[in-house]
Amino acid sequence: MEADLRVLLVIWILSTMGASPELASEVTVPLVPVDAVEGRTVKFPCDVSSDNPADKVYMVFWFKDDSGVPLYSFDVRGMALDQARHYSSPDVFGSRATFKTVTDPACLFVDEVHRNDEGVYRCRVDFRNSATKSFRYNLSVIVPPEHPVVFDRWGRSLNVTVGPLTEGDDVALICRVIGGNPPPRVLWLKNDKVVDEKCEHNDGDVIENRLHWPAVSRNDFNSVFTCQAANTKLMDPRQASVMLDLRLAPLTVTFSVVDEILVADRRYDVLCHSAGSRPPASITWYRNDKKLPKMKQDDVKENVTTSEMTFVPSTDDNGKSITCRAENPQVPSMFLEADWILKVVFAPIVSLRLGNSIDPNGIKEGDDVYFDCHVKANPPSTKLTWYHNGLTLSLNSSARTMKSDNNLVLQKVTRSVAGRYACRATNSEGESFSNELSLRIKYAPGCKTDRVMVIGASRGESMDVLCEVDADPPAKGFRWKFNNSGETIDIGNERFVSNGTASVLRYTPVADLDYGTLSCWAVNGVGHQSVPCLFQMVAAGKPQSVHNCTVHNDTDGAVDVQCEPGYDGGLSQVFVLEVFAEDLDNRDDGQVLYRNMTDRTAPRFSLGKVALGVLYTARMYAANSKGKATPVTLPRFSFPSSENQMGFGVEVLKVSPVLIATLSFCLLLIILAAIVVMRLKNSNNRKRNGRQINGQAGDKQVIVHQRSNGQVSTAILETDTDPDLIQVKYDPSDPLKLRNGGVQFPNDPRNSSAGWITGGQSSSSPSSSSSPSAADTLRRGTTAVLPSSSTERPLADGHRVWDDVGVLRPFSYTQPQQQPPPQLLSRLQDPSELNGAAIKEKLMMSSSHIPESCV
């Protein structure tokens, strides 16, 4: 407060003592012009230094125009410069003004200059001893113009670019500037070079400069046109710029480097590059003026466009052209093209066809056939090869296979030359195969297999016999015959069913004479089958059980189970071994299946290494298509662990390998001798008792050897019989009984007319003649009871055809009943007598194992 009073006091003293411009007029102070831009900062220098170094400044005053009242004061009396007191009149500068002595010279800074700040300013500096200094400044405030605005010829405001224009178009631009004091100067510059400084319109505060640039070219692309407006050098000119955008045509179109010669059907990636287009060119591919689809998008970098086409030339493209067309996407008329003439080589193209005069569906054995192999190649083919069913075909006249140019000739063809034919052509580019052409040759039927089929069947068992033939065209008919050692029987068409390739006959053997040979013939449109298909019917049944089973372990710890096979029942058999291990988790001595193995050759199995200290039970049986034999169960076996042996204190005896081999060989000889003796004994027993009607079949013994803790133990197992004769569906051990004058087995489910041997005629009742067995099966032999209507008619060729209905038949069919011939009825004996001759004849024909002396 006191400081402000002292400043006011000084000002009052100066005003009363005549400290005015008029009182100091004796001192002439020059007027220095100062320019300031409105809104910016201006500075007025005022040197406060004295010529006398010992002197110092006391007071600094600033005045405007001729006013005697200072608008700013700087009081240094009694203090340092940096502690001086400042005063700024709020009516003039206020807080916008600051006097700084740190600059050289000291300056008065005024911020945010206004237009009304224009005028003359005077600085007065008072010293303690020296004379007063004064400085005068004429302040001019410059008002900058507004930013220029650029318009096109249609009056549309442009901000960044002008265009896009096409080459040859004119450029017309208008630059408009508003305001500015003093009035600004408006110029046009192209790429920072003045091209137009004449203003066409000046109306008060609005100034316009119009630029006309004729016929733009590619060189003008991206040129910058700038409009500048300036009225002082204290600030940069106000300006607005636009860039010229042009639509340009492509300059170049080139292909990437590719092979001069192309290989047909090989993939090529062809590139086409185009540069110079604005915007970047769009590339289109053509092949012989036909547009090709593009698989990939064009790659654009700056103004270079790259297009990739995956091209696979074909054999027809040789000599044709590929065109790459680059065009401006906005101006399609701006385009450029490049052509590429193709040179394509290719391996031969081969096609095979039959001769024009040959019907592919009418060729039969004995005809002549020729093929035509058509070859298209560049360069031409140099070699032609023929193939039959994938193998190279040998050409020679002796085999009636010849070649003429590109033709293959087959003379007097047979079914062996039927199949797939092809040809192969070769040139410098490779080799090619033709299409495969199937040659069909029609022929008479023949069996699909050239061997006799053996079919096993038990008595009373119905079998479906399948006769398959190979024929072209398919067979249209079949015929069957049955033959044994004594007769041949034609089988009627109603006894079997057939189709084009096979015939099925249901056959049921009921007696020994029903086992023989079945023959099958077929016929088609070419001819009759010359060699029949043969089927040998043999008696068959379930296989016999295995015997002489042993269980032993090898030196490496593996366990082997071996048995001798029994009779196979007339059919191929397989052997099954089931091994059960004790279930340690089950306290009721339960077992779990440990291994299930099958062998089709012999009953010999290797279990590998088994767990030690575990009880095992092995069961083995044989099986065929008729069923399986009675399983043979071996005694339990196990192999103690080394810990158990140590617990009993048993010392392991180390034996020489030579000694072990010697002992094993001796033991083997002893076992073989025992087996031979037992077999001879059993064979003699069978010869004595096997064919006796009231005898019982002897049981065979199975010797099972078991190795445990180094010791071998022997067990005897009861198993099935091992008969020399083929078993059928009756037990030969059952005693024969006489029923109705014939021999009948106990518990035989068949009726009295189905007896194996009969010694006389039984009463023919309706129930026996109409039973299912009589209607479904034909059982061979004169021993069956025949109704009075049964007949047998002899043939001229010594064969006979069975027409009897009451007699059970091996072929399933029915016919009206007829009376049997007298000669057949005369063979029927009294039921109370046994026909010894018939029994002897039947036994002699049923088995070759019984000599006539035994019968």
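**Exercise 1.** In which order do the 5 strands of the open sheet stand?

*Solution.* The model is predicted: local features need pLDDT of at least 70, side-chain atom pairs count only at pLDDT 80 or more, and totals for chains, interfaces and linings use all residues. Residues are numbered from 1 along each chain as its sequence is written, and side-chain values use heavy atoms, with hydrogens and water left out.

Step 1. Strands are DSSP runs of E with at least two residues, numbered from the N terminus; two of them pair if DSSP finds at least two bridges between them.
Step 2. The order is β21-β29-β30-β34-β33, with mixed pairing.
Step 3. β21 (262–263) and β33 (401–404) are the edge strands, each pairing on one side only.

**Exercise 2.** In which sense do β29 and β30 pair?

*Solution.*
Step 1. Strands of a sheet pair through backbone hydrogen bonds, either parallel or antiparallel.
Step 2. β29 (residues 344–354) and β30 (residues 369–378) are antiparallel, over 7 bridges.
Step 3. Opposite S351 stands H374 in β30.

**Exercise 3.** Is R495 buried or exposed?

*Solution.*
Step 1. Locate R495: the loop between β42 (488–491) and β43 (496–498) holds this residue.
Step 2. Buried means under 20% relative accessible area, exposed over 50%, partly exposed in between (1.4 Å probe, protein chains only).
Step 3. R495 has 10% relative accessibility, so R495 counts as buried.
Step 4. The R495 side chain also makes a polar contact with the side chain of E494, at 2.9 Å. Such a contact is a pair of N or O atoms within 3.5 Å; within protein, one must be able to donate a hydrogen and the other to accept it, and residues adjacent in sequence count only if both atoms are side-chain atoms.

Technical notes:
Helix = DSSP H or I, 4+ residues; strand = E, 2+ residues; numbered from the N terminus.
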